[in-house]
Amino acid sequence: PVLAINHPDDNHPGTVGPLLKEIEHALIPVNGIAEGGRLCVRGQNIMLGYLDPNHPDSIAPPRVPDLGVGWYDTGDIVALEENGAVRIQGRAKRFIKVGGEMISLSAVEMLAASLWPDHQHAALPMPPLPNGENTRKQPPFVLFTATEIDSTSQRTLARHAKEHGWSPLMVPKRLVHCAEIPLLGSGKVDHVSLMEEALRLLETD
C-alpha cells in the first residue's frame, strides 16, 4: 500500500518523499485551495476494489469521476515539490471553507499547539443547528483545548497568530476547555465523541 517514501540518502524534510515508480497520480483541484489538490493514484499496488455486501463474491473496482476505473481517491490534499516529493496539506474531510478560503483544521490545531505546546487541541467544524435555524451567527469551527482558558484566551491566540504569520481565518472564534481530549485506541483524536460535545454546546446556547 506504500505510495511515497523518503530514503536516508534522498530525504526531503517536510514531505513524505517522492511517489514510487509506476504509481500514476492526478491532483484534483479543490475550490479554495490554491496550491495542490486531492491526490488520486493508480498502479499495481492499489487495491482491487471494494467488497459488495450484497454480493460477497463480487468486487467493485475503485473509481474516480473524470479519471475512470482503477483510480483511487486517497482523500489527502497534497502539493508536489519541484523535486517530485509529496507534501501533505491534510485530509480532505479536515478542511472547511471560511471566508471563501479552505482552512485546514489540522493547521488550526498546530496554531494552538504553537502557543500552548503542553496541551492537546482538537478543531471541529460546528455542526448544523438541530432545529434547522439560520447558522450565520454560529462560528464555522470550534477549538477544543485542554489548556485552561478565560475571556482573554481567544484574543491571545489571535495576537499570537498575527505575530507569527498565521492566517487570521485560522483563529477560532470559539474555544472550549476540555479537561481531556478523547482519544481512540490508535492514539488519534476521537472526533465522533467531540462532535457529540459540539452538538451539546448548540443545544445549551
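How many bridges join strand 12 to strand 13? Strand 12 (residues 141-145) and strand 13 are joined by 3 bridges and run parallel. Strands here are DSSP runs of E with at least two residues; helices are DSSP runs of H or I with at least four residues, and both are numbered from the N terminus. Two strands pair if DSSP finds at least two bridges between them.

This is a predicted model, in which local features need pLDDT of at least 70, side-chain atom pairs count only at pLDDT 80 or more, and totals for chains, interfaces and linings use all residues. Residues are numbered from 1 along each chain as its sequence is written, and side-chain values use heavy atoms, with hydrogens and water left out.

Axes are lines fitted to C-alpha atoms, for helices over the stretch in contact, and angles run from 0 to 180 degrees between N-to-C directions. Within strand 13, His177 is the bridge partner of Thr145.

Contact means heavy atoms within 4.5 Å.

Helix 1 spans residues 105-115. Leu105, Ala107, Val108, Glu109, Leu111 and Ala112 are buried in this helix. Buried means under 20% relative accessible area, exposed means over 50%, and partly exposed lies in between (1.4 Å probe, protein chains only). Ser104 caps the N-terminal end of helix 1. A side-chain oxygen of Ser104 lies 3.3 Å from the backbone nitrogen of Ser106. A polar contact is a pair of N or O atoms within 3.5 Å; within protein, one must be able to donate a hydrogen and the other to accept it, and residues adjacent in sequence count only if both atoms are side-chain atoms.

Helix 2 covers residues 153-163 and includes Ala158. His160 also lies in helix 2. Is His160 buried or exposed? His160 counts as buried because its relative accessibility is 10%. Leaving aside residues up to four places away in sequence, His160 touches Leu111, Ser114 and Leu115. Ala158 has a relative accessible area of 28%, so Ala158 is partly exposed. The C-alpha atoms of Ala158 and Pro140 are separated by 16 Å, and the two residues are 18 apart along the chain.

Another open sheet holds 4 strands in the order 1-2-7-8, with antiparallel pairing. Strand 1 and strand 8 are the edge strands, each pairing on one side only. The twist averages 45° from one strand to the next. Strand 1 and strand 2 pair over 5 bridges in the antiparallel sense. Arg38, in strand 2, is the bridge partner of Ile28.

## Salt bridges

Side chains of opposite charge can pair when their charged atoms come close. The structure holds 6 salt bridges. A salt bridge is a side-chain nitrogen of Lys or Arg within 4 Å of a carboxyl oxygen of Asp or Glu. The table lists some of them.

| Pair | Closest N and O atoms |
|---|---|
| Glu35 and Arg87 | 2.7 Å |
| Arg87 and Glu81 | 2.6 Å |
| Arg94 and Glu109 | 2.5 Å |

The salt bridge of Arg94 with Glu109 links distant parts of the chain, 15 residues apart. Arg94 sits in the loop between strand 8 and strand 9 (95-98), and Glu109 in helix 1. Both Arg94 and Glu109 are buried.

Glu35 forms a salt bridge with Arg87. This pair also links distant parts of the chain, 52 residues apart. Glu35 lies in the loop between strand 1 (24-28) and strand 2 (37-42), and Arg87 in strand 8 (residues 86-91). Glu35, Glu81 and Arg87 are linked in a network of salt bridges. Glu35 is partly exposed, with a relative accessible area of 43%. Glu81 counts as partly exposed at 31% relative accessibility. Arg87 counts as partly exposed at 22%.

## Cysteines

How many disulfides does a search of the whole structure find? The search finds 0 disulfides. A disulfide is a pair of cysteine sulfur atoms within 2.5 Å. Cys40 counts as buried at 0% relative accessibility. Cys178 counts as buried at 16%.
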